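Thanks for sending this one over. Here are my notes, as a few numbered points to read alongside the model.

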Amino acid sequence: MVGNYINTIMKYLVSVNETGIEFFSDENTSILEQAEINGYSLKNGCRLGACRVCKLKLLTGNIEYIGSKKIGLTESELKENYFLPCCAIAKSNILCELDGDGVTLSNTKEGGVICDVKRFLGITILRFNLSKKSKMSFIPGQYIGIEVPNGKCRYYSIANIPKNDGYIEIHVAKNKNGVFSDLVCEKIEINDVLWIYGPYGDFIAKNYDEVRDIVFVVTGTGFAPVKSLIESYNFYRRKIHLFWGGRKKK
Ligand code: FES
């Protein structure tokens, strides 16, 4: 078994066939998240093991699912050695293969400078600017990863629409003991810098020929990606119904 101990956590080499992608993954972090920490954006959706969007084919090595996750793969996918990196960890060095078309691979990590902070009722609306030379371009409905003090990432939907101006807005709800939400909801100030990864996700407008009404059902800060989608006018021919739930009337 090849691997090295760093701070007593075993790290394994994850290689993606014919892409040149290689990174180390530990037993505390999903393979998907570890790829993102290393600057690689693998296609993903729910990040919960349900949608199967992230599936990869395991060619060699061993993985293990985190906790007792119920995995949404079909019988035939399991027989063909597919696995879901969003909820799996490496248990040895592994070699895997991307599945099909449309796999997003990017190497984008950029600094964002906070330019506006609004806090009310446990929610913080954070706006920041990327550099004028930023290569990060997003599609309404996508999300970004933000590096938090322990070196891991927290993920937030982008709430504004892309205008190639490097401007990004996210909505952060205060969570009890949330590493990033504590920082954002209490301490972060204008001109602070955040490290941003991405963008990720395929919760984006599709099927432009579709004419049926669109129904969005969201709660709390789940409104953020929907705000971006609605403002983008991508649904210009379709009627939109928005149901937005909250615990408080305000
Ligand atoms: S199963 Fe949905 S992102 Fe992995």
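1. Which helices and strands each supply at least two residues of the lining of the largest pocket? They are β10, β13, α4 (223–231) and β16 (240–245). Helices (H or I, at least four residues) and strands (E, at least two) are DSSP runs, numbered from the N terminus.

2. A word on the source: this is a predicted model, where local features need pLDDT of at least 70, side-chain atom pairs count only at pLDDT 80 or more, and totals for chains, interfaces and linings use all residues. Residues are numbered from 1 along each chain as its sequence is written, and side-chain values use heavy atoms, with hydrogens and water left out.

3. Overall, the protein chain has 4 helices and 16 strands. Of its 250 residues, 40% count as buried (under 20% relative accessible area, 1.4 Å probe, protein chains only).

4. Do look at helix α3 (residues 179–187), whose buried residues are Phe180, Ser181, Val184 and Cys185. Seen down the axis of α3, these fall within an arc of 110°, so they line one face of the helix; the arc is that of the directions from the helix axis to the C-beta atoms. Their cover includes β9 (109–120), β10 (123–129) and β14 (193–200).

5. Among contacts (heavy atoms within 4.5 Å) in the protein chain between residues at least 6 apart in sequence, 64% join residues at least 24 apart.

Conventions. Buried < 20%, exposed > 50% of the residue type's maximum accessible area, 1.4 Å probe, protein only.
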